[in-house]
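Please walk me through this structure, beginning with the chain as a whole and then moving on to its sheet and to a few individual residues.

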Amino acid sequence: MSQKVAVLGTGKIGEALLSGMIRAGWAPADLLVTARRPERAEELRTRYGVTPVTNPEAAKTADTLILTVKPQDMGTLLDELAPHVPADRLVISGAAGIPTSFFEERLATGTPVVRVMTNTPALVDEAMSVISAGTHATADHLAHTEEIFNAVGKTLRVPESQQDACTALSGSGPAYFFYLVEAMTDAGILLGLPRDKAHDLIVQSAIGAATMLRDSGEHPVKLRENVTSPAGTTINAIRELENHGVRAALIAALEAARDRSRALASGKKD
């Protein structure tokens with residue numbers, strides 16, 4: 001029997017997941033979507049051949065519910081879903097900072113919940129999705145979740161206690177790289193390069209460096225040392241990065257992101 005999967009609150013990440021699943025072989029007839037605006041739901045139907053439904057209809061019909069609404073909207077969504085979600089439904093949450101216990105307390109006793117932190121490279125099938133089991137989720141539930149999210153990148157299982165750290169590293173991680181590229185592009189302009197050429201140089205260097213990290217198996221220190229000649233250009237640049245505390249700033253930034261994830265879990269808005 002085919003498994004029906006519903007994506008609730010189908011924004012950019014939800015749509016990326018939907019399109020990735022179809023490319024991976026999921027039948028559009030087995031995919032349901034919900035959206036706040038009717039015109040958005042119709043757009044998804046036209047683009048992918050999936051079936052728009054209401055949130056209660058999704059809860060009653062789908063075998064797996066993927067909740068992709070914003071964290072601040074999750075409580076309202078669960079209030080709407082709770083009367084309609086049988087205890088055998090798999091509920092997958094993609095909301096940053098919200099623990100599985102939040103869902104378990106609001107849904108039928110025994111409902112399996114899996115928490116996932118993915119990131120925006122899902123839009124280009126290069127996501128890093130981190131998966132954690134709730135109290136009632138089994139190995140089969142985790143495997144099914146991996147099957148879904150492998151359609152848009154790579155998955156990694158971690159204990160839920162590590163989710164806030166993973167949110168800081170990979171959930172927010174793309175933004176740090178975009179920030180770095182922005183700064184390096186500005187530096188290239190300062191050094192006399194046109195913006196488009198500086199951008200191309202940096203982006204290709206980033207792609208090449210990431211590929212080397214992924215494929216070589218070498219420690220990043222070793223790869224950096226291979227570029228760093230005695231008294232050369234690279235070591236002078238590294239010295240300035242250290243003098244300006246870039247390493248310490250990165251550590252502090254990730255700690256701040258982790259702490260904010262924890263604050264979201266506790267219900268703090270500011």
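What percentage of the 270 residues in the protein chain do buried residues make up? They make up 37%, where buried means under 20% relative accessible area, exposed means over 50%, and partly exposed lies in between, with a 1.4 Å probe and protein chains only. This is a predicted model, in which local features need pLDDT of at least 70 and side-chain atom pairs count only at pLDDT 80 or more, while totals for chains, interfaces and linings use all residues. Residues are numbered from 1 along each chain as its sequence is written, and side-chain values use heavy atoms, with hydrogens and water left out.

Along its principal axes, the C-alpha trace of the protein chain spans about 70 × 40 × 35 Å, and its accessible surface comes to about 15,200 Å², of which carbon and sulfur atoms hold 58%; such areas come from the Shrake-Rupley method with a 1.4 Å probe, and for residues only the protein chains shown count as cover. Among contacts (heavy atoms within 4.5 Å) between residues at least 6 apart in sequence, 63% join residues at least 24 apart. The chain carries 27 positive and 32 negative side chains, and the centres of the two sets lie 3 Å apart. In this count Lys and Arg are positive and Asp and Glu negative, with His and the chain ends not counted, and the place of a charge is taken as NZ of Lys, CZ of Arg, CG of Asp or CD of Glu.

The secondary structure comes to twelve helices and eight strands, these being DSSP runs numbered from the N terminus, with at least four residues for helices (H or I) and at least two for strands (E). An unreviewed UniProt entry annotates residues 4-97 as "domain: Pyrroline-5-carboxylate reductase catalytic N-terminal"; its positions are given in the numbering used here, feature names are shortened, and annotations may be inferred rather than shown by experiment. That span is 40% helix and 19% strand, and its end C-alpha atoms lie 27 Å apart.

Eight strands form an open sheet with mixed pairing, in the order β3-β2-β1-β4-β5-β6-β7-β8. Its edge strands are β3 (51-52) and β8, each of which pairs on one side only; two strands pair if DSSP finds at least two bridges between them. Strands of a sheet pair through backbone hydrogen bonds, either parallel or antiparallel.

Strand β5 (residues 90-93) runs parallel to β6 and is joined to it by three bridges, with Val114 in β6 as the bridge partner of Ile92. Strand β6 (residues 113-117) is in turn joined by four bridges to β7, the two running antiparallel, and here Val114 stands opposite Ala133 in β7. Strand β7 then pairs with β8 (residues 153-157) in the parallel sense over five bridges, where Val130 has Leu156 in β8 as its bridge partner. Because five of the seven residues of β7 (residues 127-133) are buried, this strand is largely enclosed by the rest of the structure.

Val152 is found in the loop between α6 (139-149) and β8. Val152 counts as buried, at 1% relative accessibility, and, leaving aside residues up to four places away in sequence, the residues it touches include Ala16, Leu17, Gly20 and Pro121. Leu17 is 135 residues from Val152 in sequence, yet their C-alpha atoms are 6.3 Å apart in space.

Ala165, in helix α7 (residues 163-171), counts as partly exposed at 37% relative accessibility. The C-alpha atoms of Ala165 and Phe177, twelve residues apart along the chain, are separated by 17 Å.
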